[in-house]
Amino acid sequence: MKIVFCIDDNPRYLMLARVAVRSLRRLYGDSVPVLCVYGGQDESVMQGVRDEGIALSCYAPVLNRDVVPAQFHRAIGAFLKLELALVPELAEDDFVLYCDSDIYFHSRFDDLLEIRPPYMSMAREDTAPFFHNVEQMEYQYRGKRYVVPMPFPIWTYSSGVVLFNLARLRRLDYIRNFLAYCEQNLHHIGNLDQSLLNYFFGKRITKLPPSCNCPPYRKEARREGRIIHFHGPKPWDIRPALWKDLRINHYAWFRERWYDLLSPEEAALVRSWE
Ligand SMILES: [Mn+2]
C-alpha cells in the first residue's frame, strides 16, 4: 500500500515531509512506496521532493484558492487529501495510507496496512464530543438536492492519518458528490478538511487504534505509539508561550529523534524557526 503525503508551498511542510519519509524508510527500507501530492507550481518545492527520492504528483485540486475561503489559504494543502481518489498517480490504487507531513514513524505498523475499510479509517482525537450549531447541511449535485444530517454527538476523528478506500470513493463518482458537498459547505467548518470528513462521512468512518496517530505529548507515546503525529507544536515550536500544555511527556524526546534525521545545514535552518 502506498503511503501518501500532501504539501503546499509552505517550506516548513516540505521539510516535515522529507523527515517523515526518512523515518519511514528507516523502518521499511528505501523501496517503501511513497507518493507526495503537491498542489502548487513552485519549482523549488518539486525539486525538494525529487531530491529526497520521493515520487511526485503535481495535482490541480478542485478545492483550490478560488473555491476555498481566504482564511483557510494558509493551510490550503490540508484539503488535498480529500481528493486523493482523483489523483492520476493513484488511479490503480484501491487503498492508500495518507499521513500528514508532521509525522514521525516510530515503529512498524504492518497490521494497519492490512485494514480494508468501507470508506476510511481514522483514529479518534482526544477531544470531547460536540454538537455543531447546524443540524444538517445541504448541497446540490448534478441537479439534485442532498441533505447531510450531522452525526451527533460528533466524536472527532483526526485527519492526520487516514486509510482511504479510494476504490469506494471512485465508484459512481462518489468523490465528485463529496467534493460538491465540500465546496458548498466550507463556511460551516471549524477545522479545515477534518471537519468535512467528520461531518460528511460521520459514523461511516471506522476506527484506527490510537497508536497509529499518537501525539508525542501522550504518556504512552514512546512505548506504544507507532505513528507519532506532531499535532499542535511542531518539532521547532519551543517558545514558552506557544503550546506549552502540549510540550509534555515525550514531546522533547521525539523532537530530538526528529532533529537527528536532519543534515547539519537543515538543522541550522530549522533552528532559525525556533
Ligand atoms: Mn498534522
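The legends below describe close-up views of a predicted model.

**View 1. An open sheet is built from 7 strands.**
The strand order is S3-S2-S1-S4-S9-S6-S10. The pairing is mixed. Strand S3 (55–58) and strand S10 (206–207) stand at the edges. Each has a single partner strand, so one side of each is left without a neighbour in the sheet.

**View 2. Strand S1 runs parallel to strand S4.**
S1 covers residues 2–7, and S4 covers residues 95–99. The two strands are joined by 3 bridges. Look for valine 4: its bridge partner in S4 is tyrosine 98. Helix H1 (residues 11–28) packs on the sheet. H1 touches S1, strand S2 (34–38) and S4. The direction of H1 makes about 165° with that of S1.

**View 3. Leucine 24 sits in helix H1.**
Is leucine 24 buried or exposed? Leucine 24 counts as buried, because it has 21 C-beta neighbours inside 10 Å, and the cut-off for buried is 20 or more. Which residues does leucine 24 contact, leaving aside its neighbours within four places in sequence? They are Ile3, Val32, Val34 and Phe105. Proline 118 is 94 residues from leucine 24 along the chain. The C-alpha atoms of these two residues are separated by 26 Å.

**View 4. Strand S6 pairs with strands S9 and S10.**
S6 spans residues 120–124 and is mostly covered. Of its 5 residues, 4 are buried. S6 and S9 run antiparallel, joined by 4 bridges. S6 and S10 pair in the parallel sense, over 2 bridges.

**View 5. Helix H5 is mostly covered.**
H5 runs through residues 192–201. How many of its 10 residues are buried? The count is 7. They are Asp193, Gln194, Leu196, Leu197, Asn198, Tyr199 and Phe200. What covers these buried residues? The cover includes strand S7 (136–141), strand S8 (144–149), strand S9 (157–165) and helix H4 (174–185). Just after H5 comes glycine 202, with a positive phi of about 45°.

**View 6. Phenylalanine 152 and proline 153 are joined by a cis peptide bond.**
Most peptide bonds are trans. For the bond between phenylalanine 152 and proline 153, omega is about -15°. Where is proline 153? Proline 153 lies in the loop between S8 and S9.

**View 7. Arginine 142 has a positive phi.**
Most residues other than glycine have a negative phi. Arginine 142 is not a glycine, yet its phi is about 50°. This residue lies in the loop between S7 and S8. Is arginine 142 buried or exposed? Arginine 142 counts as exposed because it has 8 C-beta neighbours inside 10 Å, and the cut-off for exposed is 12 or fewer.

**View 8. Asparagine 249 also has a positive phi.**
The phi of asparagine 249 is about 50°, although asparagine 249 is not a glycine. Asparagine 249 lies in the loop between strand S11 (227–229) and helix H7 (251–260). It has 16 other C-beta atoms within 10 Å, so asparagine 249 is partly exposed.

Conventions:
Residues are numbered from 1 along each chain as its sequence is written. This is a predicted model: local features need pLDDT of at least 70, side-chain atom pairs count only at pLDDT 80 or more; totals for chains, interfaces and linings use all residues. Two residues are in contact if their C-beta atoms, placed from the backbone, lie within 7 Å. Two strands pair if DSSP finds at least two bridges between them. Axes are lines fitted to C-alpha atoms, for helices over the stretch in contact, and angles run from 0 to 180 degrees between N-to-C directions.
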